[in-house]
Amino acid sequence: MIRLFKKILDGLLGYIAEKKLSVKGLKYPIIGRTSSPHQIHVCLLHFDARIFESSKDLLNFIYRNTRDSLYRIDLLILPPSFGTSLLGVVPFLGKHFYFESGAKYVERFQELLSERFINLMKWFSKELGITIISGGVDTKEKTIVQVYDRGDLLYNRDVSREKPAVIELNDYKLAVLNEKDAKDFRTIRGFMDEGVYVYVVYSKRSYENLWEDKLDIWARSQSLGVYGIKSSLSGRIFGKVYRGRSTITAPIPLTPNLDGYLARSDVVGTAKLTAILDISKLVSYLKNYENGYERYWKLLKQRK
């Protein structure tokens, strides 16, 4: 009897949630892409984890925080676990997002939330005409990352467990990494042989200081000469507080302040990070330093 009641209740809650996840009647002006295939205009949103009670709330939040950007957007980066914030569409359960008990409710409704979130972001990326990389619907053990390109889902993986892969877009290639992969010289150098110069790192570290911030993709930007985009989890989710820092990194000579950062957030508060990743300029820079990088790479290969 209890199982039957639970099944009926879940069905009712799921039905209400689906209604709240509709995109019917929503319309957003296209953001547009740049005309140059060599320059990627990036916008990264860094903010404390929150819940949304409808698809309209979620999409309006994104659009409101991107439309005033000085840059036209080619690539929009949203935080880890972003899809999990849709727990708020299930009546009475949104408050559990901030407490440990919320994890079991996400697992209960994960199939519904995951499927609807994917459909939502596919529609939104097509509506805006851009590429979107976003954290998906996570449990404690998973870090789902998805890549959407103008209506198509190109990538959907648990980056904490699955090996990274090259994602080919119209004008460039990128790879999505976790923090461990981002520290691996061989992994990134291998991808560079395939023409990958942009690396997106998803981090769920509970706290990091300025020194720790430089141990992964910032270090690889300097040692290998690549662009790095790090999206970190911030805020309270499932009873745990995260204080990560988001950054956009490049080789020191290509950054305005000569510090290796094109943009970076604080560990608390909302930030919109924008930057132009100039692939032609990076390739030209690498040619000048190619001999040094190649010698280091050959030494590493000899140690295998």
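Two strands count as paired when DSSP finds at least two bridges between them. With that in mind, welcome to this predicted model.

**Figure 1. Six strands line up in an open sheet.**
From one strand to the next, the twist averages 15 degrees.

**Figure 2. Tyr148 of E4, with Ile132 opposite and Leu153 as a bridge partner.**
This view begins with strand E3 (residues 131-135), which runs antiparallel to E4 and is joined to E4 by five bridges. Ile132 is the residue that stands opposite Tyr148 in E4. Towards strand E5, the bridge partner of Tyr148 is Leu153.

**Figure 3. A hairpin connects E4 and E5.**
Strand E4 covers residues 144-149 and strand E5 covers residues 152-158. Their pairing is antiparallel and extends over six bridges. Two residues lie between the strands of this hairpin. Look for Arg150 here, which takes a positive phi near 45 degrees.

**Figure 4. A look inside the largest cavity.**
The model holds two cavities of 30 Å³ or more. The largest cavity contains about 90 Å³ of space. Its lining is made up of 14 residues, and the closest to the centre are Ala49, Arg50, Pro80, Ser81 and Phe82. By residue type, the lining of the largest cavity has nine nonpolar, three polar and two charged members.

**Figure 5. Arg243 and Asp48 meet in a salt bridge.**
Side chains of opposite charge can pair when their charged atoms come close. In this salt bridge between Arg243 and Asp48, the N to O distance is 3.8 Å. How exposed is Arg243? Arg243 is partly exposed, with a relative accessible area of 23%. Asp48 is also partly exposed, at 27%.

**Figure 6. Two further salt bridges, Glu115 with Arg116 and Arg189 with Asp193.**
A search of the whole structure finds eight salt bridges, and this view shows some of them. Between Glu115 and Arg116, the closest N and O atoms are 3.1 Å apart. Glu115 has a relative accessible area of 42% and is partly exposed. Between Arg189 and Asp193, the closest N and O atoms are 2.5 Å apart. Is Arg189 buried or exposed? Arg189 counts as buried because its relative accessibility is 7%, and buried means under 20%.

**Figure 7. Arg264 and Arg245 in space and in sequence.**
Arg264 lies in strand E13, which spans residues 261-264. How far apart are Arg264 and Arg245 in space, C-alpha to C-alpha? They are 7.3 Å apart by that distance, and 19 residues apart in sequence. Arg264 is partly exposed, with a relative accessible area of 40%.

Conventions: Residues are numbered from 1 along each chain as its sequence is written. This is a predicted model: local features need pLDDT of at least 70, side-chain atom pairs count only at pLDDT 80 or more; totals for chains, interfaces and linings use all residues. Side-chain values use heavy atoms; hydrogens and water are left out. Helices (H or I, at least four residues) and strands (E, at least two) are DSSP runs, numbered from the N terminus. On a 1 Å grid over the protein atoms alone, a cavity is a set of points where a 1.4 Å probe fits but cannot get out, and a pocket is an open set with protein on both sides within 12 Å along at least five of seven lines; lining residues have an atom within 4 Å of a point. Grid points are joined across faces, edges and corners, and a volume is the space filled by probe spheres set on the points. Ala, Val, Leu, Ile, Met, Phe, Trp, Tyr, Cys and Pro count as nonpolar, Asp, Glu, Lys and Arg as charged, and the others, Gly among them, as polar. A salt bridge is a side-chain nitrogen of Lys or Arg within 4 Å of a carboxyl oxygen of Asp or Glu. Buried means under 20% relative accessible area, exposed over 50%, partly exposed in between (1.4 Å probe, protein chains only). Axes are lines fitted to C-alpha atoms, for helices over the stretch in contact, and angles run from 0 to 180 degrees between N-to-C directions.
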